Amino acid sequence: MEPTTFGVLADGREVRQYVLANSTGMTMQVIDYGATITSLSVPDRNGNIRDVVLGYDSLDGYVNGSAYFGAVVGRYGNRIGKGRFTLDGSEYRLTANDGENHLHGGKVGFNKVLWDAAVAEGSGSPAIRFTYTSPDGEEGYPGTVTLKVTYTLTEDNALRVEYEGVTDRTTILNPTQHSYFNLTGNFNGKILDHLLMIEADSYTPVDAGLIPTGDVLPVEGTPLDFRAPRAIGERIEDAFGQLALGGGYDHNWVLRNYTGPGEIHKAAELYDPESGRLMTVSTDQPGIQFYSGNFLDGTAKGKNGIAYGRRTGLCLETQVFPDSPNKPDFPSATLKPGQAYRQTTIYQFSTR
Ligand code: GLA
């Protein structure tokens, strides 16, 4: 797996692109900037292979963009209210980069740094491991954190994403993958006809800043009920307060099958009836953020010069819940020295 040059950063460092391919025709391109997935090409029901993730043609887009296309976000995926939290009696203040709140690791999160890359041997499938060491105090977070993210492409068209993180001081860690999927492979169209199923009976409602109120509410009787597959566009404009706050779907669902760290369970299923492409998301995390691409507004010029309009892609971000550091009843994101943070999330592709 020989890398090619994808671009050069302002400070002269080279950004490299790697191609992972299995023997059945699925391919993935990934760059060491942000450990970003730049393309993911999978067959439809007739065997036509198309790229199903949004992204940019060149490094410029990834450096200057604010949509987190394909990147690993962290240290904390999603929001922390007012960018503040207390750990072991000390208060920490993180960069406020989303109004008064902290989002996706801050101004220079894991999506905006260059990672070390190494081809990962051993599994028999093409795999690449990215490593980033985040210095103590970066974006306000305590502790030096080293995070490894391994992408493996299996013969049965699964993308396996494994995370492993350690720290030298008590801190918080909650990285996630921020790919925007559009299973039609046509980025001029929207994702509103995709059918989504989420293995969740409840969700965490948010306030106007998209910070969880701390409540856990049933999805039953609301447009957030995806217990059975439903078209994303079916209820997205319903007069329902939570949808108005998010400008559509932008919430954390509480995964029913979560039993504890390390246990992988099915979290969601996304299906495009037109192409027949089906993506199943499994994870060992307690929550998933379904974000329906509401903030895409046509200003981001993506691959092949296509301007990405509202809802041309959607994210399914496996995570502990947003603002967990300030919500004692939510699953904890605390990581202590001597412990290892671990996450496995699998995006399995097939057709129907
Ligand atoms: C996440 C958030 C959204 C938005 C996007 C990036 O999914 O939940 O509110 O910030 O990232 O645009």
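Residues are numbered from 1 along each chain as its sequence is written. In this predicted model, local features need pLDDT of at least 70, side-chain atom pairs count only at pLDDT 80 or more, totals for chains, interfaces and linings use all residues, and side-chain values use heavy atoms, with hydrogens and water left out.

Q: How are the rings of F110 and W115 arranged as a pair?
A: A pair of aromatic rings is described by the distance of the centres and the angle of the planes. Rings of Phe, Tyr and Trp (its six-membered ring) pair if their centres lie within 6.5 Å; planes under 30 degrees apart count as stacked, over 60 as edge-to-face and the rest as tilted. A search of the whole structure finds 22 aromatic pairs. The centres of F110 and W115 are 5.8 Å apart and their planes stand at 90°, so the arrangement is edge-to-face.

Q: Is F110 buried or exposed?
A: Buried means under 20% relative accessible area, exposed over 50%, and partly exposed in between, with a 1.4 Å probe and protein chains only. The relative accessibility of F110 is 2%, so F110 counts as buried.

Q: Which arrangement do the rings of W253 and F290 adopt?
A: W253 is buried, with a relative accessible area of 0%, and F290 is likewise buried at 0%. Their ring centres are 5.8 Å apart and their planes meet at 45°, so the pair is tilted.

Q: How many residues apart are W253 and F290, which link distant parts of the chain?
A: Strands (E, at least two residues) and helices (H or I, at least four) are DSSP runs, numbered from the N terminus. W253 belongs to strand 21 (residues 250-255) and F290 to strand 24 (residues 287-291). The separation between W253 and F290 is 37 residues.

Q: In which sense do strand 21 and strand 24 pair?
A: Strands of a sheet pair through backbone hydrogen bonds, either parallel or antiparallel. Two strands pair if DSSP finds at least two bridges between them. Strand 21 and strand 24 are joined over 5 bridges, and the sense is antiparallel.

Q: Which strands stand at the edges of the open sheet, each with a single partner strand?
A: This open sheet has 5 strands in the order 19-18-21-24-25, with antiparallel pairing. Each edge strand has a single partner, so one side of each is left without a neighbour in the sheet; these are strand 19 (217-218) and strand 25 (315-319).

Q: Which residue in strand 24 is the bridge partner of D250?
A: D250 is among the residues that come nearest to the ligand. Its bridge partner in strand 24 is Y291.

Q: How much of the area that the ligand exposes when taken alone does the protein bury?
A: A residue is near a molecule or strand if one of its heavy atoms lies within 4 Å of it. Of the 13 residues around the ligand, R79, H104, H178, D250 and E317 come nearest, and a polar side-chain atom of E317 lies 2.6 Å from an oxygen atom of the ligand. Accessible areas come from the Shrake-Rupley method with a 1.4 Å probe; for residues, only the protein chains shown count as cover. Taken alone the ligand exposes 310 Å², and the part buried by the protein is 95%.

Q: With which side chain does the side chain of H104 make a polar contact?
A: H104 lies in the loop between strand 10 (102-103) and strand 11 (116-119), and a polar side-chain atom of H104 is 2.8 Å from an oxygen atom of the ligand. A polar contact is a pair of N or O atoms within 3.5 Å; within protein, one must be able to donate a hydrogen and the other to accept it, and residues adjacent in sequence count only if both atoms are side-chain atoms. At 3.3 Å, the partner side chain is that of H178.

Q: How many bridges join strand 13 to strand 14?
A: Strand 13 (residues 145-153) is mostly covered, with 7 of its 9 residues buried. Strand 13 and strand 14 form a hairpin with 4 residues between them. They run antiparallel, and the number of bridges is 9.

Q: Is N304 buried or exposed?
A: N304 is placed in the loop between strand 24 and strand 25, and its phi is near 60°, a positive value in a residue other than glycine. At 69% relative accessibility, N304 counts as exposed.
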